[in-house]
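Please read them with the structure open.

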Amino acid sequence: MKNKIFFTIFMTIWIVIIIINFIWPKQTFSQEENRMLSTIPRFSLESFINGDYLNGVNDYINDHFAFRNIYLKLNSWWEVSVMGKKENNGVYIGKDGYLFEKFEYNDKEKENANTNVEIISNFANKMKEQNIPTYFVLIPNSIYINNNKIPNNVEVPNQEEIINQIYNKTENTNNINVIESLKEENKIKQLYFKTDHHINSDGAYVVYKEYCKARRIPIKELNSFNRITISNNFLGTFDSKAQLINQEPDELFIYQNEINTNIKEAIYDKQTTNSIFNQEYLNSKDKYSYFLNGNNSRAIIKTNVKNDKKLLVIKDSYAHIMSQFLCQDYSEVHFLDPRYTNFDYIKYAKENGITDVLFLYNVSTFVQDANLEKIIK
Amino acid sequence: MVFSSVVFLYIFLPIMLLIYFIVPRKFKNLIMIIASFIFFAWGEIRYIPIMLLLAVMDFWCGNKINEYWKDKKKKRIYLWIDVGVNLLILFFFKYADFIISSINGVTGLNIPLLNIPLPIGVSFNTFQSLSYIIDVYRGTVVCEKSFYNYLTYTTLFPQIIAGPIVRYETVDEELVDKKISLDNFSLGMRRFIVGLGKKVLIANNVGAMWNVIETGNYSEMTVLLSWIGIISFALQIYFDFSGYSDMAIGLAKIFGMEFDENFNYPYISKSITEFWRRWHITLSSWFRDYIYIPLGGNRKGLPKQIRNILIVWALTRGMAWSIMELCIMGSIFWSNPNSRKNIYVKGIRKNAKNI
Amino acid sequence: MPKIFRHIYTILLVLISWVIFAFEDLGKIGTYLGTMFNLNGSIFANSEAIYYFKNYVIIIIVGIICSIPFTKLREKIKNTEKNKKKEIIFGTIGSVACVLIVIVCTASLVNNSFNPFLYFRF
């Protein structure tokens, strides 16, 4: 009897899962995880024998399993709620709904950082020869600034020390120190997203203020802007990995004024608009791409500011949210992303009449990035 | 392929079961063989020629021993041929590169290293081969006259990778007459699921902890962490192996075959001897029956021969294994000081059932 | 020696054997055992150790419990199952539990969690 009951219950569920998987349409992109899903690898005798082909097939099957998202949430529930883990898929589960991607600083990262330092020094030197000042800002990550929200007993490398070491080694640049002001302001306001690895607009403003101080630009007070909530349902990159059930979403807001709303022209890789914001992304999970149209190799923002100052920003994605402030004082801002470009930036600066250069990175990306070497040919 | 994967659970197994239960009885072994080859090709295709070689050698030598049953010398030759092939294979994978690099060092040549890691399942397959040929030699079992059946036995995919060592006598009848029923399906599937849970939910989990220590990504080893680490390792290795055995035993039952138990809650043991009677039972009984008891034989000269095998064996198995195996043997010896007097061929069949 | 001491003694021997088996390098084995028995001056615990402890204590306890056969409990269940009604109830509970195990395992596999194949050593 017992065996008949088991047979019925088990076979029903098993067959249902198999059939659903069979008829389930295959997608190419996972919104929930914000990444491309694997495709069937190409067959070659070599890749078959050394195991790569089958690993690829395995990944493909896992990636296209029906209701994958539900399984990811279930796995997260099992790991975090049942097993009591304080991390999942490389993301720490912090207090008050804060998530943090793990940050390590070992030999590999040190080496990377040193390489990048050399490249920046070299670049800045060449810029100096043309009387163009280079500014350098390294922004610490949430895991360091929101240190009181990380799970107990987790020790994080001291990003302040790392930033200072990097600044000390970089030559020919004007280094902008944002740590103190971020730490101070963080006591009053939330400067980082809980579910995403970026700073929010409040954090962006703090960084902008320090840039203005260093650049001797008059600082625009925050109350001269309009704070506008764009979305109350932002779940970012940390959430895509951690997959917690009942994760509190972030508020996505901007500081709007005449200048950053009335843009003359915004030239992106695949389209030209008149805004640094793109509403369409608000309908997908990747809402951060609202800023500066997501990932482009190049974004040129032409404002209505009447001066002939042109800024070149060599950056990672932290600059995107900064764009609402960086465009305030320049007639043109050129955002270049070394991950996607393949031309010489020195030539570019010359050809485009650049007057200021800014290297803008967050610590975590900076110590892992190996793309900077492409900017000098 | 591994049991704990989506491709096995939701593609390979259901399709295989469907075909298996539909085809008429005499083709079921064929389905098993085909399934085993697919299972094997999915990840360890290099091993298929070896598997086939062993199957052919065992089958041929087994039949030759049967043919020359009255001729002791010839019987022994065929025994040693098969044993030799098995040991040679083990030896080859362990030391091929060592020999090549030594040759390179001495002669200055630059022969490229083969770089072949030991294919999965080689060990268990050779254990099984050896048990078969020794059993045939001793007369414990009648040699298999059908290559079709023998091939099924030697390629049984539930256990070939890591499962319990299945002696020929355990499944000789079932190779011909499978015990398929709804009850066996349910019992087998339940057993399989228990094994799956042990492997995925427990072993993999604590294994991640041990992995941190093994890869050295921690700041300084503290007393607490060292204990958490080794306990995690102990749990991982137990739940992984016993989970795998459960899955193998469960699958066999679904197909209508009965494998021997392999783990009997070893961590409740009150002595090391008891531990070895509960841990990987098929392995320790293999040792008892095919190495230890022969050692206690009264035949002149045979103990020496066995001792020589032991040396070769130790060389083929690597340090960790050898130590473990010596421990098994030691504790068997320690618990039965009189067993050296016990004997030999007739007693074995009985002893094999009473662990 | 009373049962419980023999048991603990055996477990200790087994754990030490596992250290030997796991490392295969006399130096590492010595260091590790030295740390376990507080022979080389390491501290008892630091932040990291406590973090790992908290993360794994539950699964370790579950693992230890699942290593125990509970023979008497199983006998009891077998006996109550002789009653048809109880058999159906227990049967259904057991079946649902099995299905849940498969689903949670699938979740872990789909997530591509850590899934090593230990038999490479052999």
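1. Two residues are in contact here if their C-beta atoms, placed from the backbone, lie within 7 Å. By that criterion, and leaving aside neighbours within four places in sequence, Ile133(B) touches Asp58(B), Cys61(B), Gly62(B), Leu79(B), Asp82(B) and Val83(B). Bear in mind that this is a predicted model.

2. Ile133(B) also belongs to the largest nonpolar core, which has 99 residues. Ile133(B), Leu196(B), Ile202(B) and Val206(B) have the most contacts inside that core. H10(B) is its main contributor, with 20 residues. A second, separate core holds 86 residues, including Val91(A), Ile301(A), Tyr330(A) and Val367(A). In soluble globular proteins, nonpolar side chains tend to be buried together.

3. Chain B has 14 helices and 0 strands. Buried residues are 43% of its 355 residues. Among contacts in chain B with a separation of 6 or more, 72% join residues 24 or more positions apart.

4. Does the length of helix H2 (residues 25–44) of chain B agree or disagree with its residue count? At 1.5 Å a residue, its 20 residues should span 28 Å; the end C-alpha atoms are 29 Å apart, which agrees. The buried residues of H2(B) are Lys28(B), Asn29(B), Met32(B), Ala35(B), Ser36(B), Phe39(B), Phe40(B) and Gly43(B). Viewed down the axis of H2(B), they fall within an arc of 130 degrees, so they line one face of the helix.

5. What does that buried set of H2(B) pack against? In chain B, the partners are helix H1 (6–22), helix H3 (48–67), helix H6 (147–155), helix H7 (157–160) and helix H10 (223–255). Helix H3 (52–63) of chain A is a partner too.

6. The contact between chains B and C takes 55 residues from chain B and 54 residues from chain C. On the chain B side, helix H9 (182–214), H10, helix H11 (272–278) and helix H13 (302–335) each supply at least two residues. H10(B) has the largest share, 16 residues. By type, the chain B side divides into 37 nonpolar, 14 polar and 4 charged residues.

7. The contact between chains C and A takes 26 residues from chain C and 22 residues from chain A. Helix H3 (47–66) and helix H5 (84–110) of chain C each supply at least two residues of the chain C side. H5(C) gives the most, with 15 residues. The side of chain C that touches chain A divides into 12 nonpolar, 11 polar and 3 charged residues.

8. Chain A has 14 helices and 15 strands. Its radius of gyration is 23 Å, close to the 21 Å that the globule rule gives for 377 residues, so chain A is as compact as a globular protein of that length. The C-alpha trace of chain A spans about 85 × 50 × 40 Å along its principal axes. Of the 377 residues in chain A, 39% are buried. Residues 24 or more positions apart make up 71% of the contacts in chain A with a separation of 6 or more.

9. Look at helix H12 (residues 318–326) of chain A. 9 of the 9 residues of this helix are buried, so H12(A) is largely enclosed by the rest of the structure. Among them are Tyr318(A), His320(A), Gln324(A) and Phe325(A).

10. Is Lys264(A) buried or exposed? Lys264(A) has 12 other C-beta atoms within 10 Å, so it counts as exposed. Lys264(A) sits in the loop between helix H11 (258–261) and strand S10 (265–267) of chain A. Apart from neighbours within four places in sequence, its contacts are Asn274(A), Lys302(A), Thr303(A) and Asn304(A). From Lys264(A) to Ile61(A) is 203 residues in sequence and 47 Å in space, C-alpha to C-alpha.

11. Two backbone angles deserve a check. Most residues other than glycine have a negative phi. Phe67(A) is not a glycine, yet has a positive phi of about 60 degrees. Phe67(A) lies in the loop between H3 and helix H4 (68–82) of chain A, and is partly exposed, with 15 C-beta neighbours inside 10 Å. Asn293(A) also has a positive phi, near 60 degrees. Asn293(A) is in the loop between strand S11 (272–273) and strand S12 (298–302) of chain A. With 22 C-beta neighbours inside 10 Å, Asn293(A) counts as buried.

Definitions and conventions: Residues are numbered from 1 along each chain as its sequence is written. Chains are lettered from A and ligands numbered from 1 in the order in which they are written. This is a predicted model: local features need pLDDT of at least 70, side-chain atom pairs count only at pLDDT 80 or more; totals for chains, interfaces and linings use all residues. Helices (H or I, at least four residues) and strands (E, at least two) are DSSP runs, numbered from the N terminus. Ala, Val, Leu, Ile, Met, Phe, Trp, Tyr, Cys and Pro count as nonpolar, Asp, Glu, Lys and Arg as charged, and the others, Gly among them, as polar. The expected span of a helix is 1.5 Å times one less than its number of residues. A residue is buried if 20 or more other C-beta atoms lie within 10 Å of its own, exposed if 12 or fewer, and partly exposed in between; C-beta atoms are placed from the backbone. The arc is that of the directions from the helix axis to the C-beta atoms. The radius of gyration is taken over C-alpha atoms; the globule rule is 2.2 Å times the number of residues to the power 0.38. A nonpolar core is a set of buried Ala, Val, Leu, Ile, Met, Phe, Trp, Tyr and Cys residues joined through C-beta atoms within 7 Å.
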